[in-house]
Amino acid sequence: MRDIAVFSGSAHPELAEEICTQLEVPLLPVRVDRFANDCLEVQLQANCRERDVFLIQPLVPPVQEHLVELLLMLDAARGASAARTTVVMSHYAYARSDKKDEPRISIGGRLVADLLSSAGASRVLTLTLHSPQVHGFFSVPVDHLHALRELATHFRGLDLANSVVVSPDLGNAKAASAFARMLGVPVAAGAKQRFSDDRVVISAVIGDIEGKDVIVLDDEIARGSTVIELIDRLRERNVASIRVACTHGLFTDGALDRLAAQPDVLEIVCTNSVPIPKEKWVPKLRLLSIAPAMAEAMRRIHNGESVSSLFH
């Protein structure tokens, strides 16, 4: 590929390397320095003039550090006369801040979208936003991919004759329904109430799950409190087995260990949209790569081809 320049921030260089391998282009160097007053300075160490620039940087912990680093990368690309700058963000952490559900509360999802466009983003390529309306927060074009195809490919290798897909809540039910159609199995959903970031109550599971092999599908798992609450309800309904799947496996505060410790959870499946340190890995973890899908989307963006056809 010609006239393309791919850079990575420090959030997930392993994913960036894998994407560049798929594209057969080099990952260009970036210098990130910190001044004595704690301010960051970023330099893109390759020519950007009139090139199609892609900046790979998911918003993962420490989120604020990686966000500022990305904004500085955008500013550097704009100052270097890039023809177009596309942010490749496999995880948009602020997508959870998508509504004003309490008085005088900020809507971080919209604010960060404005910051990206103000800093110089021409386009955004992202994966599995927490809620679909976040797409509308951006004033620049957004290509919104999902990882359902990669997850479905994994589960098609199992005997699905007695399986059902379960969404932890009604908000994720549409994605769960699409996933269930891909697998040719029925779908169910939990009735969830959230009282705080780490306290949720699932009062019931709507659907036929008695004696079924359950595949729990969520968009992301952080502390895992929702999934563990759902597992308790599934046990009460005497399901045969449980598998957990998500796109973004953040697994904070020992969540992966807590999920793996559940005796009836057979496996935990997620993508590499966010980095998972190897010291966190457990035998039940199955990690799927989204690099081929992201690379193909980047190739199509560069060539002016349809990205939506990736879903068909």
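Which residues line the second largest pocket? In this predicted model, local features require a pLDDT of at least 70 and side-chain atom pairs count only at pLDDT 80 or more, whereas totals for chains, interfaces and linings use all residues. Residues are numbered from 1 along each chain as its sequence is written, and side-chain values use heavy atoms, with hydrogens and water left out.

The second largest pocket is lined by His12, Glu14, Leu15, Glu18, Asn272, Val274, Pro275, Ile276, Pro277, Lys278, Trp281 and Leu287. A pocket is an open set of points on a 1 Å grid over the protein atoms alone, with protein on both sides within 12 Å along at least five of seven lines; a cavity is a set of points where a 1.4 Å probe fits but cannot get out, and lining residues have an atom within 4 Å of a point. The space in this pocket is about 220 Å³, a volume being the space filled by probe spheres set on the points, which are joined across faces, edges and corners. Helix 1 (residues 13-23) supplies the largest share of the lining, three residues; helices (H or I, at least four residues) and strands (E, at least two) are DSSP runs numbered from the N terminus. By class, seven lining residues are nonpolar, two polar and three charged. In this scheme Ala, Val, Leu, Ile, Met, Phe, Trp, Tyr, Cys and Pro are nonpolar, Asp, Glu, Lys and Arg are charged, and the others, Gly among them, are polar.

One cavity of 30 Å³ or more is present in the structure. The largest cavity has a volume of about 40 Å³, and its lining includes Tyr92, Leu127, Asp219 and His248.

Tyr92 also belongs to the largest nonpolar core, of 33 residues, where it is listed with Phe7, Val53, Leu74, Leu116 and Phe138 as having the most contacts inside the core. Such a core is a set of buried Ala, Val, Leu, Ile, Met, Phe, Trp, Tyr and Cys residues joined through side-chain atoms within 4.5 Å; buried means under 20% relative accessible area, exposed over 50%, and partly exposed in between (1.4 Å probe, protein chains only). Helix 2 gives the most to this core, with seven residues. Phe138 is in contact (heavy atoms within 4.5 Å) with Tyr92, Ala113, Leu116 and Val124, leaving aside neighbours within four places in sequence. Another core, of 29 residues, lies apart from it and has Val166, Leu230, Val265 and Cys270 among its members.

Thr86, in strand 6, is buried because its relative accessible area is 0%. Beyond neighbours within four places in sequence, Thr86 is in contact with Val53, Phe54, Leu55, Arg123, Val124, Leu125 and Ile301. Ile209 is placed in the loop between strand 11 (199-206) and strand 12 (213-221) and counts as buried because its relative accessibility is 0%. Residues up to four places away aside, Ile209 touches Val164, Val166, Ala188, Leu234, Arg237 and Val239.

Backbone geometry was also considered. Most residues other than glycine have a negative phi, and most peptide bonds are trans. Pro61 and Pro62, however, are joined by a cis peptide bond with omega of about -5 degrees. Asp38 has a positive phi of about 80 degrees and, at 49% relative accessibility, counts as partly exposed. Phe251 has a positive phi near 50 degrees, and its 1% relative accessibility makes it buried.
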